[in-house]
Amino acid sequence: MNWTAADHEFMARALQLAARGLNTTTPNPRVGCVLVRDGAVVGEGWHERAGEPHAEVNALRMAGAARGATAYVTLEPCSHHGRTPPCADALIDAGVRRVVAAMRDPNPLVAGEGLARLELAGVEVASGLMEREARELNIGFVARMTRGRPWLRLKVAASLDGKTALNNGKSQWITGPEARRDAHAWRARSCAILTGIGTVKDDDPSLTVRDVPCERQPLRVVVDSRLETPPGAKVLAGGKVLVFAAVAGALPGAEVIVLPNAAGKVDLAAMLAELGRRGINEVLAEAGTRLNGSLLKEALVDELLIYQAPLLLGDAARGMFGLPELTALAGARRLEIMDRRVVGADFRIRARPA
């Protein structure tokens, strides 16, 4: 497809609009739509919250009349009845002439049916424009739809020598306020925040979004094989909490899900599959050395978000990942650096397994 400069301009705007729903659309994807007629924008919109009108409907409402227009949409218009009617039908009824989708919808309920319905109605359709950007925006939704589990982003705050806490468990605060605020922005876009019992005991975290505006709090998830979470732990106070355990029991303020593996620990892969079944798209793990290492060993980490502070804690301090010793460099886990930048006095590195 030979895309024009105008095509790129309008799709880029649709992606900007979609990003406005970054923290609010879960479990739905983030979607933006721009309606263009005779080279001018006549309507635009984005999906704001699950259960509310989709991006295409909001754009059509703004336009008032869209006959003969081109719709630039960051995700294939839906073709099924969910909590709202099909967007493909709304575009057909409005008389839209052409629909350009950044990517096809990975949801099996759509999966090409939206574009097919449009084409059958005589609408010109095309897809693939700025697909990489659209996929990144909905990377968790795509992961859940295509493999049945959410995108797991592992966040670590460490010193320059790779230490996350003193030997006595103290870790507040290694990084500065700017880095912590940035980390809260990643919390805000996540559907769930995951930690382990070790972190609950050492730091007693709330696992809530505090330093950035956010109208909803992510689900809080604790891996606690033996149900050792103290009843007065901050993580249990207010809001929904899931505790995954290897033994049966109860905790006040939490739903306990028992998923043991052969070693008597929590089956982490099964845990993520259960979160996927519950509509969780993105998980931000903020855990300790042992759980971090286990997630890596089981190849469950999709992305690393590492904040490094300009300080040294020494050999006795705790490392980032509890991984077995290597005897050859060929066994090292290779990473691809996606982004690196300075955040306040600290560095932030975003990487993915190569």
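**View 1. Helix α10 and the residue after it.** Ala 299 follows α10 and has a positive phi, near 55 degrees. The model is predicted: local features need pLDDT of at least 70, side-chain atom pairs count only at pLDDT 80 or more, and totals for chains, interfaces and linings use all residues. Residues are numbered from 1 along each chain as its sequence is written, and side-chain values use heavy atoms, with hydrogens and water left out. Helices (H or I, at least four residues) and strands (E, at least two) are DSSP runs, numbered from the N terminus. Helix α10 covers residues 289-297, and its buried residues are Leu 291, Asn 292, Gly 293, Leu 295 and Leu 296. Buried means under 20% relative accessible area, exposed over 50%, and partly exposed in between (1.4 Å probe, protein chains only). These buried residues pack against β6 (151-159), β8 (192-196), β9 (219-223), α9 (268-277) and β12 (282-285). Contact here means heavy atoms within 4.5 Å.

**View 2. The open sheet of 9 strands.** The strand order is β11-β10-β9-β8-β12-β6-β13-β16-β15, and the pairing is mixed. β11 (255-258) and β15 (335-343) are the edge strands, each pairing on one side only. On average, neighbouring strands of this sheet are turned by 20 degrees against each other, direction ignored. Two strands pair if DSSP finds at least two bridges between them. Strands of a sheet pair through backbone hydrogen bonds, either parallel or antiparallel. β15 and β16 (residues 346-353) run antiparallel, joined by 8 bridges. Arg 340 stands opposite Ile 349 of β16.

**View 3. Helix α7 across the sheet.** Residues 177-189 form α7, which lies across β6, β8, β12, β13 (303-309), β15 and β16. The helix runs at about 165 degrees to β13. Axes are lines fitted to C-alpha atoms, for helices over the stretch in contact, and angles run from 0 to 180 degrees between N-to-C directions.

View 4. Most residues other than glycine have a negative phi, and most peptide bonds are trans. Thr 26 and Pro 27 are joined by a cis peptide bond, with omega about 5 degrees. Pro 27 sits in the loop between α1 (5-19) and β1 (32-37). Met 130 is not a glycine, yet its phi is positive, about 60 degrees. Its loop runs between β5 (124-127) and α5 (131-137). Leu 227 also has a positive phi, about 55 degrees. Leu 227 lies in the loop between β9 and β10 (241-245). Leu 227 counts as buried because its relative accessibility is 18%.

**View 5. Strand β1 and its two partners.** Of the 6 residues of β1, 5 are buried. β1 runs antiparallel to β2 (residues 40-46), and 6 bridges join them. Cys 33 stands opposite Gly 45 in β2. The hairpin of β1 and β2 has 2 residues between the strands, and Asp 38 there takes a positive phi near 55 degrees. β1 also pairs with β3 (residues 70-73) in the antiparallel sense, over 4 bridges. Val 36 has Thr 70 of β3 as its bridge partner.

View 6. How many disulfides does a search of the whole structure find? The search finds 0. A disulfide is a pair of cysteine sulfur atoms within 2.5 Å. For Cys 33, the nearest cysteine sulfur is that of Cys 87, 8.6 Å away. Cys 33 is buried, with a relative accessible area of 0%. For Cys 87, the closest cysteine sulfur is in Cys 78, at 3.7 Å, too far for a bond. Cys 87 is buried too, with a relative accessible area of 2%.
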